[in-house]
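Hi,

Here is the structure I promised to pass on. Have a look at it first, and my notes on the salt bridges follow below.

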Amino acid sequence: MSDLGWEQLGHDISNNTHLSSLDLHEGALDDHTISSLFRGLTRSNSIREMRLYENAFSVAGVRSMRPFLQNAENLTLLDLDNNEIQSDGFNTLFRALRNSPIVELMCVRCCIESIEIDSDHIPKHLKHLHLNKNIINAEGCRGLSKLLQREASTLTDLYLNNNNEIDDDCVEILVNSLKSNTSLTTLDLRWNCGISNLGKGMLLKLVNNVSSIEATLQSNHTLKYIRVEHYSEIQTNIDKATRINKCYTRPAREKVIHTQLHSQNRAELCRLQGIDRSLYSEIDPLHLPEVLSLIGQNHEQGELYVALSSSIIALFSTINRQRCIQQEKEYHAAKAAEHAEIAAEHRAKVEELENELVAMEKAAEGNEGNDDTEYRDKKRRRKWWWGLWGGA
């Protein structure tokens with residue numbers, strides 16, 4: 001078909017109001033023909049699904065699609081699998097879909113390495129993102145983390161399997177972004193050889209962190225499927241946690257009951273997560289009756305016996321000699337301060353009384369001086385009087 005023919009086809013599709021699906025795949029398009037097609041196909045209010053997989057176009061082809069992507073009012077699925085659009089093409093595509101109703105985007109085996117996501121240019125309705133069989137690295141995962149950390153994130157499914165560059169560092173980036181995410185339900189990371197048991201352990205800890213009851217309660221309770229390998233001890237425990245997320249309305253509570261309050265399950269998870277800490281050391285003794293009641297209601301008598309034994313040990317271990325000495329020291333210090341305050345009041349009273357006595361003594365000394373003067377005057381008058389009589 002000539003360039004003019006492709007352009008005319010594009011015009012006809014734009015003007016069609018009944019076409020809901022457009023499939024041009026397996027070698028039908030390259031950068032040249034797709035450019036001609038999208039010169040005519042600049043809008044559509046009917047196309048819901050577009051499949052352009054296994055063609056030979058690159059980022060140039062994606063750029064030619066921008067007017068259509070920005071004006072496709074009902075496009076919900078776009079399949080660009082097996083085209084060499086690379087990182088620039090994906091980033092261009094993502095920005096063009098900012099205001100699109102797109103729900104599912106498929107970019108499998110598109111040579112995508114790094115991903116740059118602008119928080120202001122994120123498709124607002126995107127739920128399913130297929131990026132498997134690319135070469136996404138840590139930089140790409142940092143871009144995806146922006147998508148996952150967005151407050152109004154809508155993404156529910158993220159497929160990253162068969163990306164040879166994804167390793168433990170990439171897993172750490174994704175895990176950190178998923179700690180507060182409440183939209184993603186499926187994460188596929190299978191067949192990424194760079195992910196070791198360290199990275200797999202991070203994923204397990206994401207959905208059920210048994211380092212403390214508080215950590216368990218704050219784990220991710222939204223993810224319902226995490227695939228990192230077909231079968232392993234870690235994958236089995238990931239499946240248990242995500243199954244709780246899927247089947248229970250209060251998954252946080254169920255995880256505490258079925259893992260924290262079950263000695264064997266907790267021991268296994270602690271070993272896998274590298275945790276060596278007694279559960280009962282963090283439980284306030286005042287809450288033990290409620291904890292023991294939960295164990296009795298949900299587990300067998302053997303678990304209740306283990307809990308009783310462990311909680312008694314924990315209860316006695318709280319009697320800490322150093323803490324007792326510290327408390328006694330604080331008690332006596334408080335008493336000393338109290339007595340010091342009373343002593344100060346008494347000293348002030350003593351000083352007040354002492355000053356009063358001194359004033360009285362000074363007053364008394366002044367009175368004694370006056371008495372002596374008066375006595376001498378009286379004595380002189382008596383002498384004068386007797387002298388007067390004697391002279392008579």
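Predicted model: local features only at pLDDT ≥ 70, side-chain atom pairs only at ≥ 80, totals over all residues.

Glutamate 338 comes out as partly exposed, at 40% relative accessibility (buried means under 20% relative accessible area, exposed over 50%, partly exposed in between, using a 1.4 Å probe and protein chains only). Its salt-bridge partner is lysine 335, with 3.8 Å from N to O; the term here means a side-chain nitrogen of Lys or Arg within 4 Å of a carboxyl oxygen of Asp or Glu. Lysine 335 is partly exposed too, at 31%.

Residues are numbered from 1 along each chain as its sequence is written, and side-chain values use heavy atoms, with hydrogens and water left out.

Across the whole structure, the search turned up 11 salt bridges. One of them pairs glutamate 7 with arginine 39, at 3.5 Å from N to O. Glutamate 7 belongs to helix H1 (residues 3–15) and arginine 39 to helix H2 (residues 31–40), so this bridge ties together parts that are 32 residues apart in sequence. Both ends are partly exposed: glutamate 7 has a relative accessible area of 22%, and arginine 39 is at 43%.

Then there's arginine 51 with aspartate 23, whose closest N and O atoms are 3.9 Å apart. Arginine 51 is partly exposed at 21%, as is aspartate 23 at 36%. Shared partners also join Asp23, Glu49 and Arg51 into one salt-bridge network.

As for the overall picture, the chain has 14 helices and 8 strands (DSSP runs, numbered from the N terminus: H or I of at least four residues for helices, E of at least two for strands). Of its 392 residues, 41% are buried. Taking contacts (heavy atoms within 4.5 Å) between residues at least 6 apart in sequence, 76% join residues at least 24 apart. The chain exposes about 22,200 Å², and carbon and sulfur atoms supply 50% of that (Shrake-Rupley accessible areas, 1.4 Å probe; for residues, only the protein chains shown count as cover).

Over to you!
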